[in-house]
Amino acid sequence: MKREDVINLFLKEKILLSPTILDFITQQTNIEDFIDKLKKFCLERNIFFIDENVLNEFSIFIKKDEKDESFFEIKLEKPEELVEFTTEDISLLLRKRFDFLSTLITQNNQLTDVFSISKIVGSRKTSERVKVIGIVKDKTTYTFTLEDHTGYMVVFGEVNDIEKINIDEVIGVEVQKVDDKFKLIKIYYPSFTFFREIKKIQDDFFISNFLVKVKDRELKIEVKDGLKLDVGGVKVFLLNFDFISFYLKNKPIENLTLLLEKRHLNPTIIKDKKIYKDDFFLLKEIPDYLVVLNSPINEKKIYKGVQIFLLSRNSMVNLKNGSIV
């Protein structure tokens, strides 16, 4: 690569090079890769003139990135509550949730011949079984109301089945029309597959109610509702037990796996009368680990490759080997 070409590549990012650095770059074997990494390094640090000192810092960074196993990045994402919102904001959030999860329900359950609610309600046929997908808008002990973009229908079923359903969840159902009523036959959830790449943790990775510790790095945390961690590509979703106890009832680990199947860890808006930016608790990606803090008990389970931990207030888990202390 010519010297002029190298200069122009950096000038596009408004980065200047000292003559010594320019000579050094033109001598690199894999020059394009070297330039890309050096530009990224400078832009992330707001560096716009590269001299010998900058190059030395970059060399140290590259050595850590490529050779030092202790070098990793901890990314943290907190839920952003929308303090002020309108009914239109809620409608938009639920519409997006429906569009995302309804596709997963169809794909992951290999459903065919899924009908719109208006077509089923308007049909005069009885005794046939049909499948529909919708959002749960209301429920009683024996019934729930399901709604899609075209209309709504009331479904009746067994108490044990309806207890598993929460308002604002997106589910698929198979129903049978009996006279003018719809009887629940089966529920379909968005779910997820066993066949995912499951990230392995090579080093001790401790989590407690107040602290995340990986090797010699510590990060203080406060989880009032939820928190997403990405540690070197390993994804961990942290939840506060009190925040989701509404869903867990007397079978916390079982109901937690059910929330995973439903692909939402806090679906019911009326529970707290809160909504979150980007529907934070919607599981667009399945985490490698799900840890519930401030639990009354310690318990663990592996479900479809996701390692789930209920962690009491004074306990700590090492995600590397799954031990709770």
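The charged end of K304 sits over the ring of F192, 5.1 Å from its centre. A charge counts as sitting over a ring if NZ of Lys or CZ of Arg is within 6 Å of the ring centre and within 35 degrees of the ring normal. K228 is placed in this way over the ring of F280, with its charged end 4.4 Å from the centre.

This is a predicted model, in which local features need pLDDT of at least 70 and side-chain atom pairs count only at pLDDT 80 or more, while totals for chains, interfaces and linings use all residues. Residues are numbered from 1 along each chain as its sequence is written, and side-chain values use heavy atoms, with hydrogens and water left out.

**Aromatic residues**

F280 also belongs to an aromatic cluster with F237, F243, Y276 and F281. A search of the whole structure finds 10 aromatic pairs. Among them, Y276 and F281 form an edge-to-face pair, 5.2 Å centre to centre with 80° between the planes. For such pairs, rings of Phe, Tyr and Trp (its six-membered ring) must have centres within 6.5 Å; planes under 30 degrees apart count as stacked, over 60 as edge-to-face and the rest as tilted. Both Y276 and F281 are buried. Buried means under 20% relative accessible area, exposed over 50%, and partly exposed in between (1.4 Å probe, protein chains only).

**Sheets**

Helices (H or I, at least four residues) and strands (E, at least two) are DSSP runs, numbered from the N terminus. Two strands pair if DSSP finds at least two bridges between them.

A second open sheet has five strands in the order 12-11-10-18-19, and its pairing is antiparallel. Strand 12 (217-220) and strand 19 (323-324) stand at the edges, each with a single partner strand, so one side of each lacks a neighbour in the sheet.

| Strands | Pairing | Bridges | Opposite residues |
|---|---|---|---|
| strand 13 (226-231) and strand 14 (234-240) | antiparallel | six | L227 and L238 |
| strand 11 (211-214) and strand 12 | antiparallel | four | L211 and K220 |

K262 is buried, with a relative accessible area of 4%. Not counting residues up to four places away in sequence, K262 touches L101, K164, I165, N166, E169, Y189 and P190. Contact means heavy atoms within 4.5 Å.

**H149**

H149 lies in the loop between strand 6 (143-147) and strand 7 (152-156). H149 is exposed, at a relative accessible area of 53%. With residues up to four places away in sequence left out, H149 touches R95, F98 and D99. The side chains of H149 and D99 are joined by a polar contact of 3.3 Å. A polar contact is a pair of N or O atoms within 3.5 Å; within protein, one must be able to donate a hydrogen and the other to accept it, and residues adjacent in sequence count only if both atoms are side-chain atoms.
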